[in-house]
Amino acid sequence: MKFNRAARLLPAGLFALSLAIIAAAQAQSTAPTRPAPSPPGAADYKPEVGQQGKDVVWVPTSQALVNKMLDMAKLTAADVHYDLGSGDGRTVITAARRGARSYGIEYNPDMVALSQRAAAQEGVAERATFTKADLFETDFSRATVITMFLLPEINLRLRSKILAMKPGTRVVSNTFTMGEWEADETGTAGSDEGSSYYRTALLWIVPAKVDGTWKSAAGDITFKQEFQKIAGAINVGGTLTLVTAGKLRGDEISFSAGGTQYSGKVAGDTITGTATSGGTSRDWRATRGK
């Protein structure tokens, strides 16, 4: 290494500093080039458990619980399935393997790309669609089955939108609840991936809306509805008979009143079914009061 006369005339401290700067520059020029970070959607992307998302951190649902959730929803090839917060895509891919048309909504574009690659590898890309989107701005109204692994407060934010869906829509959550809307069924799955956490599946079936007064041959029926639970009374000439054990399961309704058991189906402003008393059944019909 050579230095000119001006460099030799520098004070010792400054000269030493100059040498250090030159040496660092040479070292940098000869050092191996560090690879650039992987671009979004890169094939080598690997998600980490606990990584931060838009509204929640990511924790995968075990395959055993995925299977249990779809079993509880009675998912078939005739269903349209949406997974809200689809993560690595395993729930959507499992639903697509069962023949359903399945859609994953996920905010992380890397996760979306990862899921798309996995669906292609599994041979279900035609039935498994992944979209980078915000849950609260997504229209999933045509779903017949919804799955999700979100926090309770997010479930509550989505609840009114879900309750407005077609009666009979099945909704299954990994672990977390819908506030005072009680689950219709609860199930558990074994731990297939070494974790004893997040093994509970909760199923809700969107109930028909029957709150209000209905006209029937048995008298005017007033229902008070709280999600899938109903109470009320039948008014016959000013005499009230209480409605008990009332419940809805999608568009199916059942209740008791004055020793008679009523069951039927709700179709908009009409309920048709049977009324059974003393071992004898008869047709029963009610229409919503105007």
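**Rings, charges and a sheet**

Analyst: Arg157 lies over the face of Phe136, 3.7 Å from the ring centre. A charge sits over a ring if NZ of Lys or CZ of Arg is within 6 Å of the ring centre and within 35 degrees of the ring normal. This is a predicted model, where local features need pLDDT of at least 70 and side-chain atom pairs count only at pLDDT 80 or more, while totals for chains, interfaces and linings use all residues. Residues are numbered from 1 along each chain as its sequence is written, and side-chain values use heavy atoms, with hydrogens and water left out.

User: Which ring does the charged end of Lys132 sit over?

Analyst: The ring of Tyr107, at 3.9 Å from its centre.

User: Now ring on ring. How many aromatic pairs are there?

Analyst: The structure holds 10. Rings of Phe, Tyr and Trp (its six-membered ring) pair if their centres lie within 6.5 Å; planes under 30 degrees apart are stacked, over 60 edge-to-face, and the rest tilted. The ring centres of Phe149 and Tyr198 are 5.1 Å apart and the planes are at 65 degrees, so this pair is edge-to-face.

User: Where do Phe149 and Tyr198 lie?

Analyst: Phe149 is in the loop between strand S4 (145–148) and helix H6 (152–163), and Tyr198 is in the loop between strand S6 (185–188) and strand S7 (200–205), so the pair ties together parts 49 residues apart in sequence. Helices (H or I, at least four residues) and strands (E, at least two) are DSSP runs, numbered from the N terminus.

User: Is Phe149 buried or exposed?

Analyst: Phe149 is buried, at 16% relative accessible area. Tyr198 is partly exposed, at 37%. Buried means under 20%, exposed over 50%, and partly exposed in between (1.4 Å probe, protein chains only).

User: Which residues do ring pairs link into a cluster?

Analyst: Phe223, Phe255, Tyr262 and Trp284. Phe223 is buried at 2% relative accessible area, and Phe255 is buried at 0%.

User: On to the sheet. What is the strand order?

Analyst: The order is S3-S2-S1-S4-S5-S7-S6, in an open sheet of 7 strands with mixed pairing. Two strands pair if DSSP finds at least two bridges between them. Strand S3 (128–132) and S6 are the edge strands, each pairing on one side only.

User: How many bridges join S6 and S7?

Analyst: S6 and S7 pair over 4 bridges, in the antiparallel sense. Thr186 has Leu202 in S7 as its bridge partner.
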